[in-house]
Amino acid sequence: MSQAVNTGKPASAMSREERRVLAGTLVGTTIEWYDFFIYAQAAGVVLGPLFLAPVAKENPGLSQVIAFATIGISFLFRPLGAIVAGHLGDRLGRKKMLVFTLIMMGASTSLIGVLPTYAQVGALAPVLLILLRVLQGFSAGGEWGGAALMSVEHAPKDKRGYFGAYPQIGVPIGMILATFTLWLLTTVMGPAFGEWGWRLPFLFSIVLIVVGYMIRRAVEESPVFRELQERQKESSAPLGQLFRYNWKEVILTAVIFIANNAAGYLLIAYFATYAVKVLKMDQPTVLLATTLASFGWLVFTLWGGMISDRLGRVRTFQIGYAFLALWAVPMWFLIDTKNIVWYFVAIFVMTLGLGLSYGPQSALYAEMFPAKVRYSGVSIGYALGAILGGAFAPMIAEMLMNEFKMSWTIGLYIAVAAVISLIGVSLVKETKGVDLHVAEAHAEYVREHPDAVR
């Protein structure tokens, strides 16, 4: 990291504040993505019949497509959340935005747990559901950028990939918590889960939010943001500067994220639904296998961040996406055996590609943008990539199955996305080791963009 925060302690040592930062970003993102994923899981299991009853009765396949589409609707509002939180985060601080997005996500998730269904209030039920999904999307749009920057901007220069992997592993941990919760409740409650038990995982969010809020409050503001406060005159219009001088980086970050987010959301929202509803496999067993396989995503994501500190961000991404492109089609032949062991193996192996193309993301994105527009840049690029990638991936997968009746076509869709993202990341000049701090990076930025500080 910058000399401003280099204490001279051994590289292996970690300060109390650095540990707080890693805990705060990990716990916060885990809770937020548990909230986001519990909906994605529930959409494939119970929400269609409950909130789209007339459609579910006449055309169950269409009802499933619409239920998956409600997952994508929230993504459309993530760029707005990214713009608002990014702009305010570049002006008011990373910490304030992290606390704000955490509370908003928790509130909207908890309210889903008390929504009336179609049988109770008719068409108002899906309207209210979509409204709360919009709030979830707005919150998620601002969450990731703040968490990524808090971790990377606190990191020693040679450990940015490792530190940046902590908010990343919050995603698979959130996935594990969400899937495990559904597995436990469906196993214990049986048919009662579909009647009223589905509300419980949403209501559990209240407790998690309190825990996350207390931890995030204890984290100090990013040292890079403190430098920006001292140079306030040079940060008068961060959003305008972002779109004027860094629009190429925004586009590249979006393209880089497409395949990882698309494949990730199939893991989150589609595989278990396909196994249960199409292959007629046992639902609790499938949920448990999905939960266990998701531990691979956690391990490989942390590993991906760590090895990017040695191999470089771009090279690690390239390996991950090449592997994902090669595995995307063959894995479906294992899943279609209807054997739970092969189902587990197929998903677990895929998480290797997911982890290597997700672990280095925080560090890569932070290193692609100058400090004054960094929160806005990484947040907006991430949100746009999520729209192009995961927003409608489960819906597209369902439509491909309805049209072609062959699961490998879904794998082909992911393989194409992986090639696109591989090309995108290959266009980025290696960023490992660039200076993130304001004082050292400012002179170079002024040379490249002289109008930016006038």
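I will start with a helix pair. Helix α14 (residues 247-278) and helix α22 (residues 408-426) pack with their axes 7 Å apart, at an angle of about 150°. An axis here is a line fitted to C-alpha atoms, for helices over the stretch in contact, and angles run from 0 to 180 degrees between N-to-C directions. Helices (H or I, at least four residues) and strands (E, at least two) are DSSP runs, numbered from the N terminus.

A word on the source. This is a predicted model, where local features need pLDDT of at least 70 and side-chain atom pairs count only at pLDDT 80 or more, while totals for chains, interfaces and linings use all residues. Residues are numbered from 1 along each chain as its sequence is written, and side-chain values use heavy atoms, with hydrogens and water left out.

Back to the pair. α14 and α22 are therefore roughly antiparallel to each other; angles over 145 degrees count as that, under 35 as roughly parallel, 65 to 115 as roughly perpendicular, and the rest as oblique. Their crossing is left-handed, meaning that the near helix is turned anticlockwise from the far one by less than a right angle; clockwise would be right-handed.

Which residues of α14 and α22 meet? On the α14 side they include L252, F257, L266 and Y270, and on the α22 side they include I410, Y413, S421 and V425. By class, this contact has 17 nonpolar, two polar and no charged residues. Contact means heavy atoms within 4.5 Å. Ala, Val, Leu, Ile, Met, Phe, Trp, Tyr, Cys and Pro count as nonpolar, Asp, Glu, Lys and Arg as charged, and the others, Gly among them, as polar.

Now the second pair. Helix α19 (residues 361-368) and helix α20 (residues 374-388) cross at roughly 125°, and their axes come within 9 Å. That makes α19 oblique to α20. The crossing of α19 and α20 is right-handed. Q361, Y365 and A366 of α19 make the contact with R374, V378 and Y382 of α20. The residues of this contact divide into four nonpolar, one polar and one charged.

For the chain overall, there are 23 helices and zero strands. Of its 454 residues, 59% are buried, where buried means under 20% relative accessible area, exposed over 50%, and partly exposed in between (1.4 Å probe, protein chains only). Of the contacts between residues at least 6 apart in sequence, 87% join residues at least 24 apart.

Next, two single residues. Leaving out residues up to four places away in sequence, S151 touches V21, T25, F163, G164 and P167.

V219 sits in the loop between α11 (205-217) and α12 (223-230). V219 has 6% relative accessibility, so it counts as buried. Its contacts, again beyond four places in sequence, include E17, R20, V21 and M150. V219 and A23 are 196 residues apart along the chain, yet their C-alpha atoms are separated by 9.0 Å.

Last, two lysines. Most residues other than glycine have a negative phi. K280, in the loop between α14 and α15 (283-311), has a positive phi near 60°. K280 is exposed, with a relative accessible area of 65%. K405, in the loop between α21 (393-404) and α22, also has a positive phi, about 60°. At 60% relative accessibility, K405 counts as exposed.
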